[in-house]
Amino acid sequence: MKRFGYLLTRVICVLLVMTLMLVPVSAVDPEMKVMIKGVHINEDPGAILQDSVTYVPLRSFMDSLGVEYSITWNEERHRATVTAPNLYLTVKEGARYLTANDRCLYLNGTSFLFRDRLMVPLRPLAKACGL
């Protein structure tokens with residue numbers, strides 16, 4: 001009986017460890033849809049959910065606003081600059097903040113490159129654009 005209890009305890013421990021190994025640290029949801037001012041972000045990649053933060057491609061986000069803008073990428077500094085009416089925005093790859101009209105806004109995740117697109121957390125980006 002003692003041997004059976006020992007064996008059962010070991011089996012349960014192994015199952016618990018295996019279960020914890022199957023839990024993803026971050027998830028990418030290819031079916032996630034984000035709509036901004038009635039326009040879906042349909043670019044590849046679209047919106048990504050990672051570590052409970054929604055990321056969107058910077059260019060797609062600006063396209064969905066329907067305003068005239070220009071965007072430049074500084075390869076040396078890994079920084080994107082957006083110029084639009086009443087908006088001057090810079091975001092650096094890997095940064096925890098963005099600047100919009102000389103204001104620093106904290107990002108609830110870090111910006112990163114994914115499929116040659118700069119992915120930026122949606123909430124602070126929307127706030128920077130006055131949404």
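Student: Which residue is the bridge partner of S70 in β6?

Tutor: The partner of S70 is T83 in β6. This is a predicted model, in which local features need pLDDT of at least 70, side-chain atom pairs count only at pLDDT 80 or more, and totals for chains, interfaces and linings use all residues. Residues are numbered from 1 along each chain as its sequence is written, and side-chain values use heavy atoms, with hydrogens and water left out.

Student: What makes β5 and β6 a pair?

Tutor: Two strands pair if DSSP finds at least two bridges between them. β5 and β6 (residues 79-84) have five bridges, in the antiparallel sense, so they meet that definition. Strands themselves are DSSP runs of E with at least two residues, and helices are runs of H or I with at least four, numbered from the N terminus.

Student: Why is one side of β5 and of β9 left without a neighbour in the sheet?

Tutor: The open sheet has five strands in the order β5-β6-β7-β8-β9, with antiparallel pairing. β5 (70-74) and β9 (103-106) stand at its edges with a single partner strand each, so one side of each has no neighbour there. Neighbouring strands of this sheet are turned by 20° against each other on average, direction ignored; the axes are lines fitted to C-alpha atoms, for helices over the stretch in contact, and angles run from 0 to 180 degrees between N-to-C directions.

Student: Which strands does α2 lie across?

Tutor: Helix α2 (residues 58-65) lies across β5, β6 and β7 (87-92), and runs at about 10° to β6. Contact here means heavy atoms within 4.5 Å.

Student: Why is α2 called largely enclosed?

Tutor: Buried means under 20% relative accessible area, exposed over 50%, and partly exposed in between (1.4 Å probe, protein chains only). Six of the eight residues of α2 are buried, so the rest of the structure largely encloses this helix. Among them are F61, M62 and L65. Just after α2, G66 takes a positive phi of about 75°.

Student: How do you know that β4 is largely enclosed?

Tutor: Four of the five residues of β4 (residues 53-57) are buried, so the conclusion is that β4 is largely enclosed too.

Student: What makes β4 a partner of β3 and of β11?

Tutor: Three bridges join β3 (residues 48-50) to β4, antiparallel, with I48 opposite Y55. β4 also pairs with β11 (residues 117-121) over three bridges, again in the antiparallel sense, and there P57 stands opposite M119.
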